[in-house]
Amino acid sequence: MPAVDGGPADVVPTGRRLGLVLGGGGVAGVAWHTGVLCGLADAGVDVTVADLVVGTSAGATVAAQVAGGRAPDDLFRRQVDPTTLSTELMPRLPMAELWELMAPIYTEATDDADRRRRLGALALSVDTVDESVRRRVIEARLEGLDWVGDRLRVVVVEATSGDRRVLDVSSGVDLVDAVTASCAVPGVWPPVTIDGSRYIDGGVWSVANVDLAVGCDRVLVLAPLVDPTVQQGIAGLGDAVRVELVAPDESSMAAFGVDVLDPASREPSARAGRAQGGDVARQVATLLDG
């Protein structure tokens with residue numbers, strides 16, 4: 001049974017060597033992830049062999065692709081080659097208006113649990129596209145992939161309770177549904193129905209859910225967006241765990257532009273990520289060799 005925030009030890013077996021954690025960041029984040037992975041591979045550093053792959057929101061897309069065996073150069077090409085680009089939807093709500101909707105939630109919430117429930121209520125109340133329309137977008141990203149082995153974790157949040165649920169091969173949930181839910185940004189995309197409940201973006205709990213890498217000796221965190229939960233998650237893994245955090249550099253942030261949900265951000269974000277992957281390859285190689 002998948003965990004409903006029963007503590008990461010309940011969902012991640014101990015004894016895994018390398019954990020790869022991929023965080024949220026919109027379509028720009030998907031592209032940046034693939035660019036970084038490709039840049040690392042260019043330098044002979046393959047992190048797609050990780051024993052555990054944790055994906056949240058944008059990271060869930062790439063985590064599912066990596067766990068499904070897609071090569072970094074193929075993923076990169078799908079972000080920059082017009083002949084292989086999958087169709088993405090432009091949100092009806094501009095990013096500036098979305099932040100206006102969310103700002104009172106962050107200022108008025110009494111605690112994290114209240115904030116999550118308020119974001120869930122927002123997600124349930126806003127008229128976006130139909131679930132099936134959004135699902136087809138994620139289905140095209142994954143292009144026939146399914147759960148492979150037991151190393152993939154996809155994070156979602158139940159919209160009403162605000163509880164975290166960690167989905168894996170044992171969950172009995174279709175992979176496309178799992179990733180669609182993890183990418184369901186409140187106010188932008190519709191909550192996803194799974195087992196009779198509605199689920200939203202895993203980033204509502206934490207932008208990267210780093211704590212789910214417990215049990216790994218070494219952890220590489222790729223975080224297109226960084227908030228305090230990232231550092232908290234890293235600290236929670238303990239001093240014995242070696243962690244390397246890669247966040248967007250100045251060039252990557254510029255490539256993201258003002259709206260990480262804008263499909264036009266894909267190519268520049270992928271190319272900036274590939275360059276950054278090459279820049280950080282030596283430090284990531286040190287992590288893998290340790």
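Student: Which residues is Glu 108 in contact with, leaving aside its neighbours within four places in sequence?
Tutor: Asp 114 and Arg 118. Bear in mind that this is a predicted model.

Student: Where does Glu 108 lie?
Tutor: Glu 108 is in helix 4, which covers residues 95-108.

Student: What is the relative accessibility of Glu 108?
Tutor: The value is 48%, so Glu 108 counts as partly exposed.

Student: Changing topic. How many salt bridges does the count come to?
Tutor: The count comes to 16 salt bridges. One of them joins the side chains of Asp 217 and Arg 17, at 2.8 Å from N to O. That pair links distant parts of the chain, 200 residues apart: Asp 217 belongs to strand 7 (residues 216-222) and Arg 17 to strand 1 (residues 16-22).

Student: Why is Asp 217 classed as it is, and what about Arg 17?
Tutor: Asp 217 has a relative accessible area of 32%, so it is partly exposed. Arg 17 is partly exposed too, with 42%.

Student: Which residue does Arg 141 meet in a salt bridge?
Tutor: Glu 88, with the side chains 2.8 Å apart, N to O.

Student: Are Arg 141 and Glu 88 buried or exposed?
Tutor: Both are buried. For Glu 88 the relative accessible area is 14%, which is why it counts as buried.

Student: What else is Glu 88 in contact with?
Tutor: Leaving aside neighbours within four places in sequence, the contacts of Glu 88 are Val 27, Arg 134, Val 137, Arg 141, Pro 263 and Arg 266.

Student: Back to helix 6, then. How many residues does it have, and what is its reach?
Tutor: Helix 6 runs over residues 131-142, which makes twelve residues. From its first C-alpha to its last it reaches 17 Å, close to the 16 Å expected at 1.5 Å a residue.

Student: Which residues of helix 6 are buried?
Tutor: Arg 134, Val 137, Ile 138, Arg 141 and Leu 142. They cover an arc of only 135 degrees around the axis, which puts them on the same side of helix 6.

Student: What covers the buried residues of helix 6?
Tutor: The cover includes helix 1 (26-42), helix 2 (58-67) and helix 7 (175-182).

Student: Which salt bridge does Glu 131 make?
Tutor: The side chain of Glu 131 meets that of Arg 198, at 3.4 Å from N to O. Glu 131 lies in helix 6 and Arg 198 in strand 6 (residues 197-201), so the pair ties together parts that are 67 residues apart in sequence. Glu 131 is partly exposed, with a relative accessible area of 27%, and Arg 198 is partly exposed as well, with 30%.

Student: What follows helix 6?
Tutor: Glu 143, which has a positive phi, near 45 degrees. Glu 143 is also linked with Asp 74, Arg 77 and Arg 78 in a network of salt bridges.

Student: Now helix 10. What span should it have at 1.5 Å a residue?
Tutor: Helix 10 (residues 266-279) has 14 residues and should span 20 Å; its end C-alpha atoms are 20 Å apart, which agrees.

Student: Which residues in helix 10 are buried, and what covers them?
Tutor: The buried residues are Arg 266, Ser 269, Ala 270, Ala 272, Gly 273, Gln 276 and Gly 277. Their cover includes helix 1, helix 3, strand 8 (242-246), helix 9 (250-256) and helix 11 (281-289).

Student: Last topic, the largest nonpolar core. Which residues touch the most other members?
Tutor: Of its 67 residues, those are Leu 40, Val 47, Val 179, Leu 220 and Val 284. Helix 2 supplies the largest share of this core, seven residues.

Student: What does Leu 40 touch?
Tutor: Not counting residues up to four places away in sequence, Leu 40 touches Val 45, Val 47, Leu 220, Gly 277, Gly 278, Val 280, Ala 281 and Val 284. Another core, of 18 residues, lies apart from the largest one; Val 219, Val 221, Ala 223 and Leu 237 are among its members.

Conventions: Residues are numbered from 1 along each chain as its sequence is written. This is a predicted model: local features need pLDDT of at least 70, side-chain atom pairs count only at pLDDT 80 or more; totals for chains, interfaces and linings use all residues. Side-chain values use heavy atoms; hydrogens and water are left out. Helices (H or I, at least four residues) and strands (E, at least two) are DSSP runs, numbered from the N terminus. The expected span of a helix is 1.5 Å times one less than its number of residues. Buried means under 20% relative accessible area, exposed over 50%, partly exposed in between (1.4 Å probe, protein chains only). The arc is that of the directions from the helix axis to the C-beta atoms. Contact means heavy atoms within 4.5 Å. A salt bridge is a side-chain nitrogen of Lys or Arg within 4 Å of a carboxyl oxygen of Asp or Glu. A nonpolar core is a set of buried Ala, Val, Leu, Ile, Met, Phe, Trp, Tyr and Cys residues joined through side-chain atoms within 4.5 Å.
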